[in-house]
Amino acid sequence: MNQDLRKERASASFNPELLTHLLDGGAERTRRRREIEALVLNDPEFQHEDLNFLSRSQRYEVAIRKSALMVMRLREYGIADPDEIYWFKRMCLGSFVEPLGLHFSMFTNALQNQCTVTQQDKWLPLTYGLQIIGTYAQTEMGHGTHLRGLETTATYDPATQEFILNSPTVTSIKWWPGGLGKTSNYAIVLAQLYTQGQCKGLHAFIVPIRQMGTHEPLPGITVGDIGPKFGYDEMDNGYLKMDNFRIPRENMLMKYAKVEPDGTYVKPLSDKLTYGTMVFIRSLIVGDSARSLCRACTIAIRYSSVRHQSELTPGEPEPQILDYQTQQYKLFPLLATAYAFHCVGAYMKKTYHRITGDINQGNLSELPELHALSAGLKAFTSWTANAGIEECRMACGGHGYSRCSGLPDIYVTFTPSCTYEGENTVMMLQTARFLVKSYTQVSSGQLVSGMVSYLNDLSGQRIQPQQVAARPTAVLINDPASLVEAYKLRASRLVEAAAKNLQAELNRRKSQEDSWNRTSVDLVRASEAHCHYVVVKLFTAQLSEINDAAVHAVMSNLCLLYALYGISKHTGDFLQAGILTNAQVTQVYQRVKELLAAIRPNAVALVDAFDFHDNHLGSVLGRYDGNIYENMFEWAKKSPLNKTEVHESFHKHLKPMQAKL
Amino acid sequence: MAQWNRSGYFRSSVSRDVNPDLKAERRTASFSVERLTAVLDGGADNTRTRRAMEAVIHRDPVFSREKQYFQSQNERYEAAVRKAVRLKEKMLQRGWTENRPETKYFYRALGGDVAFNVHRVFKNSILALGTDEQIAKWIPLAEKYHIIGTYAQTELGHGTFLRGLETTATFDTSTQEFTLNTPRISAMKWWPGDLGRSATHAVVFAQLYVKGECYGLHPFIVQIRSLRDHLPAPGVTVGDIGPKMNFEHIDNGYLMLQSVTIPRENMLGRFSQVLPDGTYVKRGSDKINYLTMIVTRVEMLWVEVIPALQKACTISVRYSVVRRQSKLNPGEAEAKILDYQTQQQKLLPLLATAYALHFMNAYVNKFYSKGYTEIREGNFDSLPELHALTSGLKAIITDYCTAGAEVCLRACGGHGYSALSGLPFLYTKVAASCTYEGDNTVLFLQTARYLVKCLAAVHAGQPTPPSVAYLSLTNSGKCWVRTEADLLKPDIYAEAYRRRASRLLSTAAAKLQALIQSGAEEYVAWNRCTVQLVQAAKAHCQYIIVKNFIDTVEKLTNEAEIQKIMKHLCDLFALHGIFSNTGDFLHDGYISGDQMDLVTASYLDLLAVIRSDAVPLVDAFDFTDENLNSALGSYDGHVYQRLYEWAQKSPTNQQVSRAYESYLKPLFQGALSKL
């Protein structure tokens, strides 16, 4: 092992293994996770060339081979628990994605949740057996987040008891669904339902798209790959155009809404039920934000302790770049953020499971808040992680830019989550809508509960900047609980300001939408402040669950850093609202730098605790043993340009030119 | 909504008609786009020349970028070599040399997508560091591409800190030769462009050893490949460093030297030489070395970095008036996404930034040309200021453009993520500029070091260069703004920026001083203040950019309409900067909380004002469709047709995948009977 890393690990003040248990949710789960990971590691069939050296078509083929193999192995090993499947798959996939991803998630989920019992009996066995591979075709070329704008039509023909599917315009072509281009032979298609001459809105249909046996597109179906993207090279995101394509009436998912044989439309009972799935998927994205950032931090921090550069002290050897304050300032707040987001992801998952129980008993009372909160947290965490991964990459200097660092792969695979499953700005505005609604409720004398209950205080004390400024000592900058209060005050101030601005706009004009639009920058700010408060609150709350004193000490520092760094980046909000004084803000800056120094000796142990195996990390710079330079050289030798000693361009272009000049 | 045409298929993407949504945007322009383009080009004559050069490039199929997004690393490299060769032919035909303005426009039109860019650095370094004899020997060979050169400085384990480089060149008096060695793996040259597959020669930087003594880093010309069969020379291991985030067309390379000998004459000797008896002679100042770095930084901003943001803005703004999403008013059609305040807030400040940086760069070029002449004449007085200014501006401009391109990408929703939007290419390419030619943090600290010195000079009552003269002004009083309109006075916001820059620098310098006085070693104290010093350097650069934008607008007096819209952009740029860093401006109470609310209101109002000219403002950048290479950003706005047509060209759609036969088919067996 590299000497620098050995020293870093020896000097840690806590046992990273204990922290790993905490992150996994218990020692037993850590043990089981490692056991499952070992199944992949010891399986030679899962090994393949670095995908970065392959063309898109080759990458796709490797990915399909791997997907098929994963299915076989999971069955062989009898792994069926969702967490365990996830552990297994992420070890297989590293930073990459599988073309069958949507089959296992959205396609199967939709069948499970939106089919009648008869439909389930027909489709689920085929789905589990992978005799059909499906995708979920919602987004169209011209329409994304705004579902009502989708143009694909499904027109019911009572004469044949069939739906006729059509893509009436270019903009209505289904565009982007994963696995649609080449892999799937079925799709769940969302289309505007027309029956008895009326549009009944968006509904889901099971549509065969490719011929069984030959895999050729069916007549009336045009399907293909949408071409290269930023990342997702091994994924065949696809397009789908349908021309008078007929499917039987039974292919509409009819658990909620129905079309009778004669064309009569039967309405669904509640539309809140789909909230559950959305909350679940958003909680996955929050978890993914945390993990992607954890991986980027692992790479950047390990590399920063192996890399030496310049002089701090004249005459002394070049120091580890992690000893530079500017480097610590780039990386440690991100490390703290990674831990914070891990808490948030765990909280959302837990809450989702708790609430699911309630939903099944018909209690939907908590769902609206959770739905609203999950939208904002999805946006907040994915935006932050997106920027953080790039920050980690740039903190690795030039080498971060090489594909061998693994950071470009983490980034390009992660960044679409800022737009998929709801564009982030739209998500923030959804949360804002809930916040404004809660604020209005409080203003009219009703109390609100849950994470927004702080708004209740507003009606009583009407926070005025002057009033708060009169008690400047209220915030203790070394006390996480006090910082939670500070974030709470900031959120309530910004929610109130946005709500008031919205009201002022409404007083000036008739259109609600227009007023909303003219306030949307304020509204997004309010949502961000609310989400930030929630994250600080959840991170702080987690401290009390840590038993080991040494782990508690280091996590407290991280939690403080997260809270104080956030303040230092938004000092204007805290100053303007009179939550902090100028002198306190200066203290915050100072305290942040002290915390950087305090965290420095534990930095490597803190990323080790994430316990990413090298194969999963997929980074030469982030190797556990720190032997980066020799391995960069080994990696580079495999580059496609190095296949021959003299590249053919020399004979084709250079030599003839030199002869001419 | 684009309708299917009668044949059920689309018009070809070369149709002349413009998407009606885009057309409407252009009809309402408040100024002449053509005249603004001329302002940006520095005169209508330059616009003509530039367009003529672009036409030459676009007419020639060799320069086509049509397949770019579908090509493998090997194909991209080959295309870039082919382009470089063709470019050389064109230049020979027209008798143009590298320093002609036409040549600059060529490079701009190619968007840097051509091989042998480092070959130019190779030549420049010989011209700057070589003796007259060396120039006479090597430059003609390089001009004719009889040799292809690269510039090998960075090593696997060492970057910005030059003294840490480990490659050695040891002089042997008996053979009159230098022996070059790569003593360990971290000393391998790593990253130089054109090195991996193309270069025959390299200017290699190595620690010079004579008779056991180390004389520090020096440049040597080393042959690395045979001119006959292109195979590596004896003792040379060379290759490509593998895939990167972008620059797939460039063979960034590695180089290991094992006892490679070169004649004494191959050490570039303008400033230092080793005599036959081993005597080391140093003459003149090698400060001119800085000039090479400055040239490269100034050039990259103009050719690569600022255009990247301008292109990203062009693509995302045009797309944002074609794309419709949700309804703003019930009963109306779905709204153009540019009509959403949140979308305006993402894109319009970037548009203002693109203009601000363009004008900043024009100023730097002028400043630099003046300095360059003086320095060539041996007057180094302006060098520190020039170096500090270009360091800081390189850092902040690459930061702005990188972050901005990424915001543009995400502002286009899912389609921005498609390679066919052109945005992933722009982003990943410009992102590299934050680390190459000096890591940005290091560069900010260089500027900070200069500023700290200047501040000390101010305190000592000594004169300071113009760009930092503001440090000597007093900082008393508070901002007197009472209305939103007050905030649109350039003097007001310029003063706010000045105060902030001045305060952040004073605070950092005072902290540094206090630490030193409390007994900390200077370098320890420096490291403990670096976070603050970086902030101070950024604030300084932002002040300079705002000030320059104001000055530029003031000078546009004979273009009233253009002056008006540029003034709006200047206001927007300045107020957005305050809105995004409220804490800095509130901290010392110069701006009050109530005034800050006015800033926000004023800033948001400006978005709506600039909204109506957004498309003309990006049109004025005058990028051709070929140059943008984007399905979303073309002039005619036929976004969806292009996406669909271009996707058909993807190789993934043109071949039968083996994946089905090998892996999917076995899974599907057995379904036939059940369906």
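Predicted model: local features only at pLDDT ≥ 70, side-chain atom pairs only at ≥ 80, totals over all residues.
Helix H14 of chain B passes helix H15 of chain B in a left-handed crossing. H14(B) comprises residues 490-517 and H15(B) residues 522-555; their axes come within 9 Å and cross at roughly 165°. Angles over 145 degrees count as roughly antiparallel, and H14(B) and H15(B) are therefore roughly antiparallel to each other. As for the composition of the contact between H14(B) and H15(B), there are 20 nonpolar residues, with five polar and five charged ones.

I remain with chain B for a strand pair. Strand S5, residues 201-210, and strand S6, residues 213-223, run antiparallel and are joined by nine bridges. Within this pairing, B:Phe205 has B:Pro219 as its bridge partner in S6(B). The two strands form a hairpin with two residues between them, and in the turn B:Lys211 has a positive phi of about 50°.

A:Asp157 stands opposite A:Glu162 in S3(A). Four residues lie between the strands of this hairpin, and A:Gln161 takes a positive phi near 55°. S3(A) also runs antiparallel to strand S9, residues 245-248, with four bridges joining them. There, A:Ile164 finds its bridge partner in A:Arg246 of S9(A). How many of the five residues of S3(A) are buried? Four of them are, and the strand is mostly covered.

Also in chain A, three strands form an open sheet in the order S4-S8-S7, with antiparallel pairing. Its edge strands are S4, residues 174-175, and S7, residues 221-225, each of which pairs on one side only. S4(A) is joined to S8(A), residues 238-242, over two bridges in the antiparallel sense. A:Lys174 has A:Leu240 as its bridge partner in S8(A).

I turn now to the salt bridges. Side chains of opposite charge can pair when their charged atoms come close. Over all chains, the count comes to 82 salt bridges.

Consider A:Asp43 and A:Arg73, whose closest N and O atoms are 2.5 Å apart in a salt bridge. This pair links distant parts of the chain, 30 residues apart: A:Asp43 is in the loop between helix H3 (27-41) and helix H4 (56-77) of chain A, and A:Arg73 is in helix H4 itself. Are these two residues buried or exposed? Buried means under 20% relative accessible area. A:Asp43 counts as buried because its relative accessibility is 6%, and A:Arg73 counts as buried because its value is 12%.

A further salt bridge in chain A joins A:Asp409 to A:Arg403, with the closest N and O atoms 3.0 Å apart. Both A:Asp409 and A:Arg403 are buried.

Which chains does the next pair join? B:Glu78 forms a salt bridge with A:Lys652, and the closest N and O atoms are 2.7 Å apart. B:Glu78 lies in helix H4 (residues 73-94) of chain B and A:Lys652 in helix H25 (residues 648-660) of chain A, so the pair joins two chains. Here B:Glu78 is buried, with a relative accessible area of 15%, whereas A:Lys652 is partly exposed, with a relative accessible area of 45%.

Finally, there is a network in chain A. Salt bridges that share partners join A:Glu17, A:Asp24, A:Arg33, A:Arg34, A:Glu37, A:Arg90 and A:Asp611 into one network.

Key: Residues numbered from 1 in each chain as written. Chains lettered and ligands numbered in written order. Heavy atoms only, no water. Salt bridge = Lys/Arg side-chain N within 4 Å of Asp/Glu carboxyl O. Buried < 20%, exposed > 50% of the residue type's maximum accessible area, 1.4 Å probe, protein only. Axes fitted to C-alpha atoms, helices over the stretch in contact; angles between N-to-C directions. Parallel < 35°, antiparallel > 145°, perpendicular 65-115°, else oblique. Left-handed = near helix turned anticlockwise from the far one by under 90°. Nonpolar A, V, L, I, M, F, W, Y, C, P; charged D, E, K, R; others polar. Pairing = 2+ DSSP bridges.
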